[in-house]
Amino acid sequence: MSNPYALSDDMPVYVISVAANLSGMHPQTLRGYERVGLVIPRRTAGGGRRYSMRDILTLREIQRLSQEERINLEGIKRVLDLERELEQTRLMAAELHAEVSRLRNELESTRAVAARLAELRRSRTVDPDATLVPVRPSTRVTFWQAAAPSATPLPAAAPQAKVSQVTAPRATTDDNK
């Protein structure tokens, strides 16, 4: 957290008496719910229970399901487990949606580059027989071209070739200036 005094809903700050008061239950009921695994408060180094606001909201939901919906504790536990699973699935779906969006953008960018390269090839600005290969700025590139035939023939074992070497310019940084 950027603010050390800000509290999240998961911060365990409420002792059992305060949590019981905020949830409208008796402290013994909270202990019973802990025994069956409905709400598990965090513990201090001394073993004291500490409830978070999320725990208190869960306790209120347990009370609502029990009193209004007439669901037993096993049913409530199942409902809470399914709600947690649903929330995890929603988070995963959101992450996957963001990843799909990122990949779509990357694909569109790649398609735009491919279309531009195809356009350059069609317009003969780029040698159509050349292979398009990305080159790093510090890469040394050697071009081999067949030389024009000379007036005096060479032995068959020694073909003529013209070699030119080009070194791509290095990118400058503040350190290289």
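This report describes the helices, packing and charged pairs of a predicted model.

Residues are numbered from 1 along each chain as its sequence is written, and side-chain values use heavy atoms, with hydrogens and water left out. In this predicted model, local features need pLDDT of at least 70 and side-chain atom pairs count only at pLDDT 80 or more, while totals for chains, interfaces and linings use all residues.

## Overall organisation

The chain contains four helices and four strands; helices (H or I, at least four residues) and strands (E, at least two) are DSSP runs, numbered from the N terminus. Along the sequence these elements follow the pattern α-α-β-β-α-α-β-β. Of the 177 residues in the chain, 14% are buried. Here buried means under 20% relative accessible area, exposed over 50%, and partly exposed in between (1.4 Å probe, protein chains only). Contact means heavy atoms within 4.5 Å. Among the contacts in the chain with a separation of 6 or more, 45% are accounted for by residues 24 or more positions apart.

## Helix packing

Two packed helices are described by the angle between their axes and the distance between the axes. Axes are lines fitted to C-alpha atoms, for helices over the stretch in contact, and angles run from 0 to 180 degrees between N-to-C directions. Angles under 35 degrees count as roughly parallel, over 145 as roughly antiparallel, 65 to 115 as roughly perpendicular and the rest as oblique.

The axes of α1 and α2 cross at roughly 100 degrees and come within 8 Å, which makes α1 roughly perpendicular to α2. In this pair, I16, A19, A20 and S23 of α1 meet P27, L30 and R31 of α2.

For α3 and α4, the axes come within 10 Å and cross at roughly 130 degrees, so α3 is oblique to α4. The residues that make this contact are T58, E61, I62, L65 and S66 in α3 and I76, V79, L80 and E83 in α4. The crossing of α3 past α4 is right-handed; a crossing is left-handed if the near helix is turned anticlockwise from the far one by less than a right angle, and right-handed if clockwise.

Helix α2 has L30, G32, Y33 and E34 as its buried residues. The cover over the buried residues of α2 includes α1, β1 (42-43), β2, α3 and α4. Just after α2, G37 adopts a positive phi of about 85 degrees.

S17 belongs to helix α1 and is partly exposed, at 44% relative accessibility. The C-alpha atoms of S17 and R50 are separated by 10.0 Å, although these residues are 33 residues apart along the chain.

## Salt bridges

Side chains of opposite charge can pair when their charged atoms come close. A salt bridge is a side-chain nitrogen of Lys or Arg within 4 Å of a carboxyl oxygen of Asp or Glu. A search of the whole structure finds 10 salt bridges, including the pairs tabulated here.

| Salt bridge | N to O distance |
|---|---|
| D10 and R54 | 2.5 Å |
| R49 and E34 | 2.4 Å |
| R102 and E99 | 2.8 Å |

The D10 and R54 side chains form a salt bridge; D10 lies in the segment before α1 (16-23) and R54 in helix α3, so the pair ties together parts that are 44 residues apart in sequence. Both partners are partly exposed, D10 with a relative accessible area of 33% and R54 with one of 43%.

R49 and E34 also form a salt bridge. The pair links distant parts of the chain, with R49 in strand β2 (residues 49-50) and E34 in helix α2 (residues 27-36), 15 residues apart. R49 is partly exposed at 22% relative accessibility, whereas E34 is buried at 15%. A network of salt bridges links E34, R43 and R49.

R102 is partly exposed, with a relative accessible area of 42%, and E99 is partly exposed, with one of 35%.

D55 lies in helix α3 (residues 53-67). This residue is buried yet has no salt bridge, and the nearest side chain of opposite charge, R42, is 6.3 Å away. For charge, Lys and Arg count as positive and Asp and Glu as negative, while His and the chain ends are not counted. Leaving aside its neighbours within four places in sequence, D55 is in contact with V39, P41 and R50.
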